[in-house]
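I opened this entry to keep track of what I looked up in the structure. I went through it one topic at a time and wrote down what I found.

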Amino acid sequence: MSRVIIINLVRFILLVFLQVFLLKNISLYNLSTPYLYILFVLLLPFEIPNVLLFLLAFILGLTVDAFYDTPGLHAASCVLLAFVRVLFISITVQKDGFDNEPEPTLSIMGFRWFLTYALVLTLFHHFFLFNLEVFRFSELEYTLTRLILSSVFTVFLMLVSGLLFFRKKERK
Amino acid sequence: MRNLLIFITKYNAFFLFLIFEICSFVIYVKYNSFQKASFINSTNNVTGNLYDRADELKGYLTLREVNDNLIRENARLRNQLKSSLYIDTVSKKMVIDTNYKQQYEYISAKVINNSVNRRNNYITIDRGTNNGIAKGMGVTSDAGVVGKVIFVDKHMAIVQSLLHKDTRFSAMLAKNKEIGYLEWGEEMNPHKGLLIDVSNNAQPKVGELVVTSDLSLFPAGIPLGKVSSLNAKGGGFFLNMEVNLAVDFSKLQYVYVIVNRFAKEQAGLEAQEKKDE
């Protein structure tokens, strides 16, 4: 139990640092900006209580907001992300499988499931984030282009990180 | 009552979602309209310190470029010095000119946090009320206009960059003084701006310099950019044109905050007027 907490704590700090000091400065043609930090919410264990899940998502959002100078924006998107996560997992995963599948990682759940999972959640998060940030419909076309390209970038980074840790576990 | 409790526990995810979402929205809307939620931004101690550290590291990587910029700026300032001396000695009638020089004071500041790739971009600088910075002051760099101060703390301030959907500066064409507004275009290109609402008599040319007008919070004549294309989209009765911005926002490191001395005097006068009433 304490191991799970430590792992998630380290993951939280690492992802926020990565997002704030590296990925914040990356953008391809001003269209594609990765928001990898949401991987933290994606990788929380299956059996986490809903209260804790929402609280953690909210705190993660606020932390990133503090660095991005946009209080509430990322927090709102992260809470939505947590809600979509609850729905998605309740639809696709059977409850009795929880004992041997502690975390929804790439190495445990398989490539196809994880890809759908990451793609759906990322799309929801980015859609909400970009539209809330712009807050007008006149630029919808442009926002959608940004949404799709950024989602592709984010999911790509998620898969890369998943594969990195996939190898490590097998070697053990 | 019992059924209600069962209902709520059964769909607890949805209710939790509602609670936290509403919290986030309250924070978001509050900050956007009043800049009140000041504790969650990059001027607070923790994030400000971290940004400071990261920026120190970054500073070393760009020393050469900064040096080049400083040399260029030194050269420019020296030129100005000579020319102003020349004007002073030749004709002492230019009273207005000398007054102008006293009106504005420049405070140098270092950029410690910056972004160009979002719809609304902000810049954090390492000077605050302790150094005499107040809300609403203009900010420029060696190349041209950067933005205006929207939030000040003791040691830091946040600048609303020109790359922001709400930023609008009064501008004019340098040659024929036709006035318009400069704002950021919808394509979110950090090198392009739009000059809008210019009178139809203007007859602008590609490559013409666009500078701040007398109506802006900057001294008149600070460069904003150069006209790059005359047929910008949109535009009703007046001329719109695309402008290549003078400042490269992605490489911004040092800026100047402009203090308008007459602004204090003006505010003081107005306060006195109110007292008399």
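Predicted model: local features only at pLDDT ≥ 70, side-chain atom pairs only at ≥ 80, totals over all residues.

**Strand pairing in chain B**

Strand β9 (residues 209-212) of chain B is joined to strand β10 (residues 223-229) of chain B by three bridges, and the two run antiparallel.

Next I followed β10(B) to its other partner. Four bridges pair β10(B) with strand β11 (residues 239-245) of chain B, again in the antiparallel sense. For K226(B) I noted N244(B) as the bridge partner in β11(B).

I also checked β11(B) against strand β8 (residues 192-198) of chain B. These two strands run antiparallel and are joined by five bridges. Here I picked out L195(B), whose bridge partner in β11(B) is M241(B).

As a reminder to myself, strands of a sheet pair through backbone hydrogen bonds, either parallel or antiparallel.

**The barrel**

In what order do the strands of the barrel in chain B follow one another? I read the order as β6-β7-β8-β11-β10-β9, six strands that close into a barrel with antiparallel pairing. From one strand to the next, the twist averages 45 degrees.

**Chain A**

I turned to chain A and counted its elements. Chain A has seven helices and zero strands, so I wrote its order from the N terminus as α-α-α-α-α-α-α, going by DSSP runs.

Of the 172 residues in chain A, 41% are buried. I also looked at contacts in chain A between residues at least 6 apart in sequence, and 68% of these join residues at least 24 apart.

I then took one helix by itself. Helix α4 of chain A covers residues 73-92, 20 residues in total. From its first C-alpha to its last it reaches 29 Å, close to the 28 Å expected at 1.5 Å a residue.

Which residues of α4(A) are buried? My list includes L73(A), H74(A), C78(A), F83(A) and R85(A). L80(A) and L81(A) are also among them.

**Where the chains touch**

Last, I looked up the contact between the chains. I found 28 residues of chain B in contact with 28 residues of chain A. On the chain B side, α2 (12-34) and α3 (45-61) are the elements that give two or more residues. The largest share, 12 residues, comes from α2(B). By type, I noted 16 nonpolar, eight polar and four charged residues on this side of chain B.

Terms used: Residues numbered from 1 in each chain as written. Chains lettered and ligands numbered in written order. Contact = placed C-beta atoms within 7 Å. Nonpolar A, V, L, I, M, F, W, Y, C, P; charged D, E, K, R; others polar. Expected span 1.5 Å × (residues − 1). Buried ≥ 20, exposed ≤ 12 C-beta atoms within 10 Å, placed from the backbone. Pairing = 2+ DSSP bridges. Axes fitted to C-alpha atoms, helices over the stretch in contact; angles between N-to-C directions.
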